[in-house]
Amino acid sequence: MRKKVLAALLCAAMSVSLLAGCGSKDKDTQKDNTQKDNTQQGTEPEGPSGPTLADAEDIGFEPLYHFGLDGKDEGLTMVVRDEADTGGNTGAIYGIKEDAGVQQIIANGPVGDCTYFNGKYGIKLPMESLDSNEYTISFWVNGDRFGDFGATLQLGHNVGMSADDTTVTWVNFTQGPWSSTGGPLFPVVWNLNSANKTQPWTAWYDDSVHGKKEWVMVTLVATGEKYDFTDATSGEVTGRVHSKLYVNGMLVNDSLGETMDGYSGMAQDIFTASYGGFEAYLGINYWDVVFKGFMDELYVYNKALTDGQVAKLFAEGNPNVESVANVEGEPEDAPLDITITGTAVGDTDCSMGFRGAHSETWKVDSGATVTKTFKNYHTTELPANWHNFVVVLQNVADAHSADDNAAYKEYGVFRADNYGWQGALNTGENLEELGWVVESNWDFGTFVDDMQGATVVLSVTNNGTTADIVADVTTAGGKTYQQKYGNIAVDGDLYFCLTGEKCCLDIQ
């Protein structure tokens, strides 16, 4: 829900509603939520060495939909991203349009032939709403790459619309940055029903990405059993449906009642025909990177399969098959070669999860300015504008959360791409309320390239009751930029530190 290319002073995507879609716009809110103990987000049934596979049992009924994705006529529509026209989707960053010139790419898969997605197209599925809280969705996937929030499969009602305009629901099988260290997880089933303001997710919380360069079968089962979840802190009550997540036929997450926190499970009534505007896509959505990799054998049932029936689906495939697409794909991203000459924040492979590492904290006395110089490097694998340095202004030294120090308070968190927040307020929707000044002369058309290897001279000034941050940036190619956050309220001691996401900082 927050997106990549920024066209003005503030990120264009910041105007998208929190409940509009599933790209980067909600990214920061979701990341803050994941500071909770992930072990409480659902039980992980395990045998002596991990999840186990149940004995296979016959299914005994037909699926509501089955797509073999093997090149046969299944009523599929090849679609591509439309960067110029959202098609009236008020919550979208991009449109999705049919392209008759795109050919479905066929390769060998775990069950006969499969489809290869080259990162340039997706598939619109000929489906109608399931109109039920009981369902099973299962498919095979083998990703060359996964992008955070990018869809392998996304389906729902009015998916690209803003929740201010209509009821928006979706289920997105994706990668999320919600491991215990802020790193990636796959599979994650992120879901939304804006009618009851519920946006949970369910995942296998083993801090791993399953299905990258390997075949896995992902299966979601919603049993239809409804219950209300009451948040212990806020007292807010939201509806859930008992859900189970399987990987390769093995139950890896069982989200039900007391076994989960407020961010796990499936929202109620996601598939409600009266909402209208149902749509289902493979490999593409309205906000995020287009999927690149293989998919095979999509099953959709209007019944909840048992453990044994899911095992039966898995037994029909061969996860060890080596799939090769007979196409010239995009070149693989070259790894960075970073030589640290000072002190590193984050690993040199730029794998750091959001705020996964911090610099030391520096105190800024009233009336003083403290300046630090560093080089900024970011990931080469699907780099985004926010994959760069982040500045945190806080009131204590040597702490990065209230868990470290009960007195900890953040005056604000400030990204390189003109997006910041303080508590629940952010510069996208609440700039006037925050009272901050945000200025820069970035060229967001070249921002990602400009920030790779850029030298940043960052100064923090304590004005007594407010603070200013100024970043003077010189790119590796010699271009110069300046970014400023100003009028940041301060009501005590002022310290700052540096952190980021999918980046590495070399502090001089």
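Six nonpolar, five polar and one charged residues line the largest cavity here; Ala, Val, Leu, Ile, Met, Phe, Trp, Tyr, Cys and Pro count as nonpolar, Asp, Glu, Lys and Arg as charged, and the others, Gly among them, as polar. Keep in mind that this is a predicted model, where local features need pLDDT of at least 70, side-chain atom pairs count only at pLDDT 80 or more, and totals for chains, interfaces and linings use all residues. Residues are numbered from 1 along each chain as its sequence is written, and side-chain values use heavy atoms, with hydrogens and water left out.

**Cavities**
- Searching the whole structure turns up four cavities of 30 Å³ or more. A cavity is a set of points, on a 1 Å grid over the protein atoms alone, where a 1.4 Å probe fits but cannot get out, and lining residues have an atom within 4 Å of a point.
- The largest cavity holds about 60 Å³ of space, where volume is the space filled by probe spheres set on the points, with grid points joined across faces, edges and corners.
- Its lining includes Arg-145, Phe-146, Thr-174, Gln-175, Phe-186 and Phe-291.
- β8 (151-157) and β9 (169-176) are the elements that give two or more residues to that lining.

**The eight-stranded sheet**
- Eight strands make an open sheet, ordered β3-β2-β6-β16-β8-β9-β10-β11 with antiparallel pairing. Strands are DSSP runs (E, at least two residues), numbered from the N terminus, and two of them pair if DSSP finds at least two bridges between them.
- β3 (95-98) and β11 (201-203) each have a single partner strand, so one side of each has no neighbour in the sheet.
- On average, neighbouring strands of this sheet are turned by 25 degrees against each other, direction ignored; the axes are lines fitted to C-alpha atoms.
- β2 (residues 77-82) runs antiparallel to β6 (residues 122-124), and three bridges join them. Met-78 sits opposite Ile-123 in β6.

**The six-stranded sheet**
- Another open sheet has six strands in the order β19-β29-β21-β22-β23-β24, again with antiparallel pairing.
- β19 (362-363) and β24 (425-426) are its edge strands, each pairing on one side only.
- Six bridges link β21 (residues 389-394) and β29 (residues 495-500) in the antiparallel sense, with Gln-394 opposite Tyr-495 in β29.

**Confidence**
- Mean pLDDT (the predictor's confidence in each residue, from 0 to 100) is 86 for the protein chain, and 87% of its residues reach 70 or more.
- Residues 1-42 stay under 50 in pLDDT, and the model gives them 163 contacts beyond four places in sequence; contact means heavy atoms within 4.5 Å.
- Residues 44-48 are also below 50, with 10 contacts in the model beyond near neighbours in sequence.

Methods
Helices (H or I, at least four residues) and strands (E, at least two) are DSSP runs, numbered from the N terminus. Axes are lines fitted to C-alpha atoms, for helices over the stretch in contact, and angles run from 0 to 180 degrees between N-to-C directions. On a 1 Å grid over the protein atoms alone, a cavity is a set of points where a 1.4 Å probe fits but cannot get out, and a pocket is an open set with protein on both sides within 12 Å along at least five of seven lines; lining residues have an atom within 4 Å of a point.
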